Amino acid sequence: MPRKMTIAEKILAAHADLEQVSPGELIQVDVDMALGNDITAPIAIKIVKETGIDTIFDKAKIALVADHFTPNKDIKSAEQVKVLREFAQQYGIIHYYEGGDVGVEHCLLPEKGIVLPGDVVIGADSHTCTYGALGAFATGVGSTDLAATMITGKTWFKVPESIKFVYKGELGPWVTGKDLILYTIGDIGVDGALYKAMEFTGPVIERLAMAERFTMSNMAIEAGGKAGLINPDSITLDYVKGRAQRDFKVYRSDDGAEYAKVVEYDCSKIEPQVAFPHLPENTRGISEVGNVKIDQVVIGSCTNGRIEDLRLAAQILKGRKVKKGVRLIVLPATPQIYSDALDEGLIRVFLDAGAVVGPPTCGPCLGGHMGILASGERAVATTNRNFVGRMGHPDSEVYLANPAVAAASAVLGRIASPKDL
Amino acid sequence: MKFKGKAWKFGENVDTDAIIPARYLNTSDPQELARHCMEDADKEFSKKVQPGDIIVAGKNFGCGSSREHAPISIKAAGVSCVIAPSFARIFYRNAFNMGLPIFECEEAANEIREGDELEVDADSGKIVNLTTGKSYQAHPIPPFMQELIRDGGLIAHILKERKNITSSQMTCDPTGCKVKR
């Protein structure tokens with residue numbers, strides 16, 4: 001009888017042209033999509049050029065997204081994007097995005113149907129694991145790995161063990177996918193899934209909307225995970241339908257597949273979470289936060305910059321004002337999301353509340369630009385990392401939360417629950 | 001290959017923003033990145049570190065971003081290798097691809113103190129603390145990754161397979177490899 005496999009193992013086996021694979025095996029796999037951005041792709045492009053090989057494996061299977069320091073924040077950043085643009089032109093890269101076409105990569109590629117269920121995706125960006133929400137095996141790599149894949153169309157993996165997370169119960173008010181993943185990271189730690197694939201399952205996940213599934217898979221890397229997968233279901237296929245630009249195959253974990261560990265959570269007991277500086281594992285329930293005054297709130301990023309996130313924030317902000325002295329920055333993650341937010345009147349709500357609405361960009365999430373913190377300043381952000389200096393000065397602080405908590409905090413000028421309004 | 005140098009100690013979960021803050025990622029010039037190496041963990045590190053010195057850190061070293069600028073900055077700062085109980089997986093991959101040797105050894109990482117003189121045998125993974133006289137054995141490096149190191153990194157490995165050329169025709173630095181034609 002063939003080995004029972006997890007979704008991660010099935011996708012890897014299929015792409016390695018093998019009947020089955022087991023954890024620990026080193027395999028070479030075909031890559032369906034290879035991604036680079038304006039920080040990581042210039043190094044990969046330099047490597048490709050210096051090899052003297054003047055062909056790339058497939059112009060339709062490379063995505064270059066200039067989203068980190070764009071709109072170009074300085075001359076050096078502009079030069080980096082220029083490297084991407086010229087390379088894309090030279091090789092006819094189909095999925096090249098900048099200017100008015102660009103969005104935050106991990107929101108943009110699923111939205112456009114460029115990454116699909118069953119794919120193997122590598123990206124020179126750690127949050128590439130986001131696409132696990134579609135049931136793809138997607139993982140972050142460095143620029144050299146990206147260069148190697150751009151040349152060969154392949155990459156090597158050590159087949160990871162999987163950890164199964166089972167989410168049961170009912171979600172309380174204002175509890176989102178962001179809170180589930182923060183709670184999980186708080187429980188297992190920032191290396192709790194090191195080298196392993198995380199698989200998010202259970203009745204709560206089965207009811208969760210795609211936006212929140214993306215948020216959960218996005219932060220698998222914050223627990224050290226190699227991937228964060230969700231078995232595709234009708235919610236996945238409804239999302240993909242009308243977006244997919246090519247054929248794809250759906251894989252699901254077998255009953256009886258082997259896991260390194262199975263972890264169960266009763267979600268009824270989970271309240272909105274806040275990750276305190278300076279690690280995503282430093283989580284507390286919103287009721288245990290205390291009085292933490294803030295200077296800035298950022299709503300956006302590959303974690304929580306989707307239309308559903310903006311709707312949640314607008315629901316809180318409608319008819320309210322941002323506290324004087326607090327800066328609220330809202331960054332819709334893609335042009336489509338921006339456009340939808342405009343049509344739905346959300347942008348009006350944000351502007352009336354006193355927010356700054358910026359263009360789609362990673363910007364402040366990584367301390368790039370468009371909302372940098374001074375020393376001693378504190379921000380609540382819907383982003384994914386709160387490391388020392390992540391959003392600016394090494395003496396500034398970032399607190400991670402969901403969009404509803406972020407919006408309520410902007411109104412009250414302290415970290416707050418929507419219930420406090 | 002043997003490395004000899006002084007130990008610089010860092011804590012657990014040293015992230016890539018501490019190794020090289022994103023505010024410097026608008027360049028990939030190794031020397032410029034080296035000037036800011038470990039800046040948000042130890043402001044003076046790049047001035048104090050001497051060629052050959054060794055970083056000894058706690059678990060999950062290099063967590064966070066996929067930025068290859070992190071191993072590039074460490075290597076360009078003159079650090080010969082890194083010892084830790086475990087490494088974040090993208091950093092682990094990047095380090096081998098860039099030719100920065102890293103060693104997983106919990107006991108050594110816990111017991112070595114800042115300023116100890118160390119000697120590391122890259123082939124066997126044997127770590128000797130010359131200050132205390134104690135020796136340690138790091139986890140063996142998988143054969144495939146040893147092959148990568150022997151070929152001079154991932155790109156050199158691919159070129160060798162593709163063009164059937166030997167690694168001696170290739171020169172590699174922290175940003176890539178050049179084939180001599």
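The exercises below treat the interface, the sheets, a salt bridge and the backbone in turn.

The model is predicted, so local features need pLDDT of at least 70 and side-chain atom pairs count only at pLDDT 80 or more, while totals for chains, interfaces and linings use all residues. Residues are numbered from 1 along each chain as its sequence is written, chains are lettered from A and ligands numbered from 1 in the order in which they are written, and side-chain values use heavy atoms, with hydrogens and water left out.

**Exercise 1. The interface**

Describe the contact between chain B and chain A, from its extent to its composition.

Step 1. With contact taken as heavy atoms within 4.5 Å, 47 residues of chain B touch 53 residues of chain A.

Step 2. The two chains bury about 4100 Å² between them, and 56% of this lies on carbon and sulfur atoms. Buried area here is the accessible area (1.4 Å probe) that two parts lose on being put together, summed over both. Of the area that chain B buries against chain A, 19% comes from Asn26(B), Arg89(B) and Arg93(B), more than from any other three residues.

Step 3. Between the chains, 20 residue pairs are in polar contact, both residues being at pLDDT 80 or more. A polar contact is a pair of N or O atoms within 3.5 Å; within protein, one must be able to donate a hydrogen and the other to accept it, and residues adjacent in sequence count only if both atoms are side-chain atoms.

Step 4. Helices (H or I, at least four residues) and strands (E, at least two) are DSSP runs, numbered from the N terminus. Elements giving two or more residues to the side of chain B that touches chain A include helix 4 (69-76), helix 7 (143-151) and strand 9 (176-179) of chain B. Helix 5 of chain B gives the most, with seven residues.

Step 5. The residues on this side of chain B divide into 18 nonpolar, 14 polar and 15 charged. In this division Ala, Val, Leu, Ile, Met, Phe, Trp, Tyr, Cys and Pro count as nonpolar, Asp, Glu, Lys and Arg as charged, and the others, Gly among them, as polar.

**Exercise 2. Salt bridges**

How many salt bridges cross the interface of chain B and chain A, and which parts of chain A does the pair Glu161(A) and Lys196(A) tie together?

Step 1. The criterion is a side-chain nitrogen of Lys or Arg within 4 Å of a carboxyl oxygen of Asp or Glu.

Step 2. Four salt bridges are found across the interface of chain B and chain A. A salt bridge joins Lys59(B) to Asp191(A), at 3.2 Å from N to O.

Step 3. Within chain A, Glu161(A) and Lys196(A) form a salt bridge whose closest N and O atoms are 3.7 Å apart. Glu161(A) lies in the loop between strand 7 (154-158) and strand 8 (162-168), and Lys196(A) in the loop between helix 6 (177-188) and strand 9 (197-201) of chain A, so the pair ties together parts 35 residues apart in sequence.

**Exercise 3. Two open sheets**

Give the strand order of the seven-stranded sheet of chain B and of the four-stranded sheet of chain A.

Step 1. Two strands pair if DSSP finds at least two bridges between them. The sheet of chain B is open, with order 4-3-2-1-5-6-7 and mixed pairing. Its edge strands are strand 4 (102-104) and strand 7 (135-137) of chain B.

Step 2. Strand 5 (residues 117-121) and strand 6 (residues 126-129) of chain B pair in the antiparallel sense over four bridges. Val128(B) in strand 6 is the bridge partner of Glu119(B).

Step 3. The open sheet of chain A has the order 10-9-8-11 and parallel pairing. Strand 10 (227-229) and strand 11 (261-266) of chain A each have a single partner strand, so one side of each is left without a neighbour in the sheet.

Step 4. Strand 8 and strand 11 of chain A pair in the parallel sense over six bridges, and Tyr167(A) stands opposite Tyr265(A) in strand 11.

**Exercise 4. Backbone geometry**

Where does the cis peptide bond that ends at Pro71(A) lie in chain A?

Step 1. The bond from Thr70(A) to Pro71(A) is cis, with omega near -10°. Pro71(A) is placed in the loop between strand 3 (62-65) and helix 3 (75-91) of chain A.

Step 2. The bond from Pro277(A) to His278(A) is also cis, with omega near -5°.
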